Amino acid sequence: GEVAAGTWREGTVYFTSYVQPVAASPEYPAHSQRLYRVAGTSIDRIAGHGEYLHAVDVQAAGLIPENGDLVVVRRMQHGLAEYTAKTFVVSNGQQLLRPESYDPDWQADIPVNDDSGAEVEITDIVIGKWAPIQRRRTVTKSFSDPFRV
């Protein structure tokens, strides 16, 4: 899937499959793990645009988010859904979702339980990230002699 704050889509859940060379963590059931591609700047303190968050489905793995966990959140409102990643914070008994962004548009905490009418659900806990590196080479390498430069 993809996490992108402020991007509201039709409420039907769909996941785009990303095939990346990321091994499943042995600490969690393999079937409960997935990757989310980061789009935008909503968590650029942790992961930038185009990087991937390695996450564990809380229901499939039987996990409960703890204070300080980076989580994937689905917000539903008026038939539209937004998937984003935020830090789960418990402060003065209130559960909050805190942005990890340098972008001034993404600074406000989001209460997990508020009266805005949005349905907020923590779907995953992030356990790592993976960042692809773009090849800078423009010349095609010949594989006939692997030691030739």
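**Aromatic pair, cores and charges**

Reply: Tyr-52 counts as buried, at 6% relative accessibility. Buried means under 20% relative accessible area, exposed means over 50%, and partly exposed lies in between (1.4 Å probe, protein chains only). The model is predicted, so local features need pLDDT of at least 70 and side-chain atom pairs count only at pLDDT 80 or more, while totals for chains, interfaces and linings use all residues. Residues are numbered from 1 along each chain as its sequence is written, and side-chain values use heavy atoms, leaving out hydrogens and water.

Me: How many aromatic pairs turn up in the whole structure?

Reply: The search finds 1 aromatic pair. The partners are Tyr-52 and Trp-130, tilted, at 5.7 Å centre to centre with 50° between the planes. Rings of Phe, Tyr and Trp (its six-membered ring) pair if their centres lie within 6.5 Å; planes under 30 degrees apart count as stacked, over 60 as edge-to-face and the rest as tilted.

Me: Which strands hold Tyr-52 and Trp-130?

Reply: Tyr-52 lies in strand β4 and Trp-130 in strand β9, so the pair ties together parts that are 78 residues apart in sequence. Strands (E, at least two residues) are DSSP runs, as are helices (H or I, at least four), numbered from the N terminus. Trp-130 counts as partly exposed, at 23% relative accessibility.

Me: Next topic: which residues make up the largest nonpolar core?

Reply: That core has 11 residues, among them Tyr-36, Leu-53, Leu-70, Tyr-83 and Val-126. The elements giving two or more residues to this core are β3 (33-38), β4 (52-57), β5 (70-77) and β6 (80-91). A nonpolar core is a set of buried Ala, Val, Leu, Ile, Met, Phe, Trp, Tyr and Cys residues joined through side-chain atoms within 4.5 Å. Apart from this core lies another of 10 residues, including Leu-97, Val-112, Ile-122 and Ile-125.

Me: What does Val-126 touch?

Reply: Leaving aside residues up to four places away in sequence, Val-126 touches Leu-53, His-54, Ala-55, Leu-70, Val-71 and Val-72. A contact here means heavy atoms within 4.5 Å.

Me: Turning to charges, how many salt bridges are there?

Reply: The structure holds 6 salt bridges, each being a side-chain nitrogen of Lys or Arg within 4 Å of a carboxyl oxygen of Asp or Glu. Arg-34 and Asp-57 form one of them, at 3.0 Å from N to O. Arg-34 lies in strand β3 and Asp-57 in strand β4, so the pair ties together parts that are 23 residues apart in sequence.

Me: Which residue meets Glu-121?

Reply: Arg-74 meets Glu-121 in a salt bridge of 2.2 Å, N to O. Arg-74 lies in strand β5 and Glu-121 in strand β9 (residues 119-130), so this pair ties together parts that are 47 residues apart in sequence. Arg-74 is buried, with a relative accessible area of 17%, whereas Glu-121 is partly exposed at 25%.

Me: Is Glu-82 buried or exposed?

Reply: Glu-82 is buried, with a relative accessible area of 3%. Its salt bridge is with Arg-75, the closest N and O atoms being 3.1 Å apart.
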